[in-house]
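Dear colleague,

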Amino acid sequence: NDNMPVIPYAGMGLGYEWLVLSAHDYATHESFDQTFGGFGWQAWGGVGFALDPRTRLTAEVFFNACEVDSEVDVYLDEYGLVTVRDVVDMNGVGARFGLSFMF
């Protein structure tokens with residue numbers, strides 16, 4: 001409704017998440033590049049504050065639940081070539097703020 005100065009909203013989503021991680025250890029001069037992926041879900045809720053009929057200021061909080069992983073083949077002297085699975089916990093709470101425009 002265009003006459004409401006404050007509009008609450010909520011939502012939920014399911015999808016696939018990627019994490020691209022690059023690091024460099026300046027002490028050992030070793031680099032690390034790996035891509036992780038996995039399915040997760042997110043829930044959010046927020047409010048939109050009308051600034052004028054076509055512009056809103058939005059503020060929301062969200063919870064993200066996902067574990068992303070990656071498998072890498074590594075050669076170890078004792079065992080030969082082995083597959084190592086790395087897992088990153090992407091669970092957490094956050095906040096987003098922004099402007100919404102209608103054209």
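Two strands are taken to pair if DSSP finds at least two bridges between them, and strands themselves (E, at least two residues) are DSSP runs numbered from the N terminus. This is a predicted model, in which local features need pLDDT of at least 70 and side-chain atom pairs count only at pLDDT 80 or more, while totals for chains, interfaces and linings use all residues. Residues are numbered from 1 along each chain as its sequence is written, and side-chain values use heavy atoms, with hydrogens and water left out.

Strands E3 (residues 55-76) and E4 (residues 80-89) are antiparallel and share ten bridges. Within this pairing, Glu67 has Asp89 of E4 as its bridge partner. Three residues lie between E3 and E4, which form a hairpin.

Phe36 belongs to strand E2 (residues 30-52). Beyond neighbours within four places in sequence, the contacts of Phe36 (heavy atoms within 4.5 Å) include Trp18, Leu19, Val68 and Val88. Leu19 is 17 residues from Phe36 in sequence, yet their C-alpha atoms are 5.0 Å apart.

Finally, Leu99 is located in strand E5.

Yours sincerely

Terms used: Helices (H or I, at least four residues) and strands (E, at least two) are DSSP runs, numbered from the N terminus.
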